[in-house]
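Please open the structure in your viewer and have the selection tool ready.

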Amino acid sequence: MTEPILKVEDAVCAFGGLRAVDNCSFEIEAGTITGLIGPNGAGKSTMFNLITDMVPLQSGRIFFDGHRLDGIPPHSVARRGVARTFQIPGELGRMTVLENLAVVPEGQIGEAMFTSVFAPGLVRRQEERIREQAREVLGLLQLTHLEEELAANLSTGQKKLLEIGRALMASPKLVLLDEPAAGVNPTLMRNIAQTIRDLRDERGITWVIVEHDVPLIMEMCDRVIVMAEGKVIANGTPEEVRSDARVLDAYLGGVAA
Amino acid sequence: MVELEGIILHIGSFLVIAGIYAIINVGLNVHYGHTGLFNIGIAAFFALGAYTASILVMPPPNPDLYQQYEWGGNLAFTLGSERIGFDLWFPLVLIAAAAVCAAVAYLVGSITIRLRGDYLAITTLGLGEAVRLVFTNEGWLADGTRGLNGIPRVLDGLVDPHWYDFVFLPLVLIVLVVVYFLSQRLAASPWGRVILAIRENEDTAEMVGKNVFQFKLQAFAYGAALMGIGGALYAFAKHSITPQAFEPFFATFIIWAMLILGGSGNHRGAILGAFVLWAVISSSQFLPGFLGDPNLRLAVIGLIIVVVLLVRPAGIVPETRTRT
Amino acid sequence: MVINTNAIRDVIVSVVGERGFMVIERAALFAVGGLALWALIWQLDLTVNGLLVGSVYALGAVGLSLVYGNLHLPNIAHGDYMTLGAFIALFVFGSLVPEVWNENSVGPFTFSYTLFIALPIGVLFVAVFAVVVDQLVYRTMRRRGALPGVMALTSLGVAIALRGFIQYIWGTEVEHFPRESKKFLIYTVDLFHLQDVLVRIPPDMIFVSIAAIVLTLATYLFLNMTRWGKAMRAAADNEDLARVTGIDVERTNLLTWVIGGGMAAAAGILFATGQGQLLTISGWKILIPLFAAVVAGGIGNPYGAFAGAIFVGVVGEVSTAWLEPSYKPAVFFAAIIVLLLVRPNGLFGQSRS
């Protein structure tokens with residue numbers, strides 16, 4: 001068994017009296033695709049917010065690649081190789097689709113005021129490479145024709161794809177996808193699922209996916225973690241989870257309520 | 001002929017002041033139009049730039065005229081602006097004014113810039129008031145409410161003082177052009193792209209690994225530096241400054257009106273807005289009859305702002321995204 | 001060097017641990033609180049003055065905060081609405097009521113019963129004026145979904161235009177309401193047998209304070225107890241949701257202006273009464289403490305604005321014990337920056353997302 005790339009230990013996060021995430025622990029192995037499922041309000045998105053430090057952890061620890069991840073600013077989390085998408089797309093509305101992607105890569109020399117003014121040649125050469133990379137990602141997501149469109153004008157599904165594109169642009173080790181399939185046409189989603197598997201195999205990217213489309217998760221994931229009311233109630237292969245009585249309970253309970 | 005001369009002189013002074021407002025407006029556009037920082041304390045940097053420049057170049061004070069002002073006069077003497085010659089000092093003074101404003105912005109920003117939009121706005125308004133009150137109350141610094149008079153002119157003696165505006169005008173325009181191209185290049189660079197991303201969605205910018213706090217600080221300091229340069233030019237153009245010149249109405253709100261009028265998010269709009277609004281304000285004194293009443297003029301200016309915002313809410317030149 | 005509060009926190013935590021940090025934090029808070037309390041007690045005369053000045057600010061701030069919260073409009077013209085109200089009252093005193101009516105003052109106050117004629121007329125006039133401006137200007141902008149910056153600038157235009165017209169009609173001279181000079185109320189307070197403090201209170205200010213409390217309380221009751229008040233709060237909270245549940249948002253907006261404009265007029269008239277003089281510029285000048293109060297209380301929270309106004313008033317007055325009085329605006333801004341660093345959404349603000 002390989003060293004886990006992400007390790008969550010006894011994570012707790014409460015808003016007011018409500019424990020959105022309550023003593024959660026789990027490990028994610030490098031080079032796997034993990035589904036994170038559970039009824040509404042189970043704490044899945046909050047879990048993502050905790051991992052990326054958008055919301056402070058109240059107790060517990062999170063390790064990524066052997067280093068503590070909690071307590072550092074979100075942009076540092078991103079720089080260590082964790083990319084995420086938002087459930088409600090966080091597109092940069094009054095910027096073009098291409099710009100939305102080109103802004104992502106780190107280490108752009110043109111991001112320093114001094115070099116962007118006094119070394120335009122260097123900046124331009126790097127910029128060309130970044131644009132090439134962005135166009136490649138757009139091709140992968142079948143958004144090439146929308147390159148010059150303002151992101152605000154995209155459909156919800158296209159915005160979701162742009163979210164995934166942004167995550168890919170970061171050359172991440174771990175990607176957290178928050179409901180990537182909602183609003184995306186199913187055929188395209190199948191292609192994207194294939195792309196995700198390819199990227200795992202070719203670049204060794206690890207994926208954690210929150211999704212309500214349970215059949216999709218069962219089909220594409222190596223492992224599945226089930227959360228309910230802030231707790232992890234099951235963790236195993238899709239087959240194991242499918243036959244877990246507690247999971248059925250949680251879902252049926254959710255439906256009944 | 002006398003009338004024609006009057007008109008030409010008026011146009012000269014109009015262009016100088018409008019050009020200065022345009023420079024400050026580009027700074028505001030960096031703050032609000034590009035980064036989304038709600039700065040209503042332009043007066044702070046306007047005043048700091050003007051006073052920094054004046055204090056650096058003022059000759060040792062004449063005790064009859066300046067009773068309390070001691071600090072700045074000695075400073076100019078110590079630094080030897082006399083010996084080098086003021087004309088050569090001019091660009092250095094502009095840079096010094098910019099540097100002081102950038103430093104103050106960086107310091108203040110590092111405390112307050114995390115605050116949400118409206119709350120940041122009120123702290124900048126407070127900064128503007130605080131700066132003005134310091135120059136009003138601390139007589140030893142710049143002679144308090146009496147202000148500084150007889151600020152030396154750059155390239156003095158070339159023409160009759162009467163026509164001085166036409167000597168100063170090219171300098172203002174050169175600075176404006178430099179500021180414009182510098183800001184434009186920055187806006188089109190990856191730095192400008194991150195700044196825009198922050199305006200559009202801070203969370204997204206943070207999540208793709210951008211240090212939002214640092215970028216905001218940089219943009220805040222850069223915009224403040226431009227405002228400082230505008231302030232320094234203002235001091236030289238007016239030849240004298242008092243703290244009252246930096247009350248929020250003319251030193252902050254009019255500039256905001258210029259930006260929104262011209263079209264925020266677009267440096268060309270910002271510059272155009274400054275010239276158009278200042279043309280309206282400064283030419284309204286020529287209105288005939290009862291319309292020439294200063295109070296009615298004020299009312300008309302207010303109505304024009306309202307009507308323009310109603311008719312063209314995105315400004316005269318809306319933000320365009322033309323990048324290759 | 002970046003002053004990063006989180007970094008400072010981290011350094012302290014690494015030395016003394018989480019619990020140690022909490023102890024230090026508590027101790028610092030107590031120290032600051034104790035120091036403030038000490039200042040408030042020993043400068044009792046200034047504290048009392050601050051409470052009274054704060055209540056004048058409160059009159060304006062409550063209306064400003066209501067409009068700000070409900071319509072997302074930082075109304076820069078609010079100060080000039082106040083001025084308009086005061087000048088309407090001046091018109092009532094000077095031209096509408098017979099001069100003799102102004103002569104007999106009420107109790108210990110400087111004003112006569114005609115104030116109670118002028119007050120409702122001024123309130124009504126400005127309320128109607130605010131509604132008319134809204135219909136002509138802000139309604140169109142709301143429909144278009146204008147950004148808050150554009151809305152604020154528009155209100156600046158309204159402010160400039162309104163002040164221009166007021167000055168055109170009434171001139172820029174200092175005006176006075178009809179008044180009869182009255183003695184200040186003077187009390188001597190013995191502080192712990194150590195020092196006698198002379199507390200001087202202008203009688204009118206007591207009236208203004210009580211009026212401020214009554215009006216704020218009335219706003220509170222209206223917003224929380226009546227059907228329309230609840231509808232207004234719902235519309236402020238989530239406009240789309242309110243519309244779906246059958247609330248006429250345009251009407252709650254108008255109601256907001258009626259109350260906001262009316263409160264502004266009342267504030268302007270009472271402010272001029274308390275000050276004993278009236279200037280066309282005074283509405284504009286008071287805008288800065290008003291916005292400071294609104295922010296200190298948490299934007300969009302009318303009762304927070306009351307507390308914020310008291311805070312601003314007291315801090316400003318008490319600071320004059322050590323600083324030039326002309327530094328007052330700078331002082332309450334400094335106080336507000338400190339307050340916002342501790343409570344990023346003001347005293348009673350909730351984070352709006």
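The tour visits two interfaces of one chain in turn.

This is a predicted model, in which local features need pLDDT of at least 70 and side-chain atom pairs count only at pLDDT 80 or more, while totals for chains, interfaces and linings use all residues. Residues are numbered from 1 along each chain as its sequence is written, chains are lettered from A and ligands numbered from 1 in the order in which they are written, and side-chain values use heavy atoms, with hydrogens and water left out.

**First selection: chain B with chain C**

Select chain B and chain C together. Contact, meaning heavy atoms within 4.5 Å, involves 45 residues of chain B and 49 residues of chain C. The two chains bury about 4100 Å² between them, and carbon and sulfur atoms give 73% of that area. Buried area is the accessible area (1.4 Å probe) that two parts lose on being put together, summed over both.

Next, select B:Tyr119, B:Ile122 and B:Leu310. These residues supply 15% of the area that chain B buries against chain C, more than any other three residues.

Now display the side chains of C:Lys285 and B:Glu247. They form a salt bridge, with N to O at 3.9 Å; the term denotes a side-chain nitrogen of Lys or Arg within 4 Å of a carboxyl oxygen of Asp or Glu. The rule finds one salt bridge across this interface.

Which helix of chain B gives the most to the side that touches chain C? Select α6(B), which contributes eleven residues. Helices here are DSSP runs (H or I, at least four residues), numbered from the N terminus. By class, this side of chain B has 30 nonpolar, eight polar and seven charged residues. Ala, Val, Leu, Ile, Met, Phe, Trp, Tyr, Cys and Pro count as nonpolar, Asp, Glu, Lys and Arg as charged, and the others, Gly among them, as polar.

Select chain A in place of chain C. Here 28 residues of chain B are in contact with 34 residues of chain A. The area buried between them is about 2800 Å², with 61% of it on carbon and sulfur atoms.

How many salt bridges does the rule find across the interface of chain B and chain A? There are three. To view one of them, select A:Arg94 and B:Glu200, whose closest N and O atoms are 3.0 Å apart.

Finally, α8 (165-188), α9 (190-200), α10 (202-207) and α11 of chain B each supply at least two residues of the side facing chain A. Select α9(B), which gives the most, with eight residues. This side of chain B comprises eleven nonpolar, seven polar and ten charged residues.
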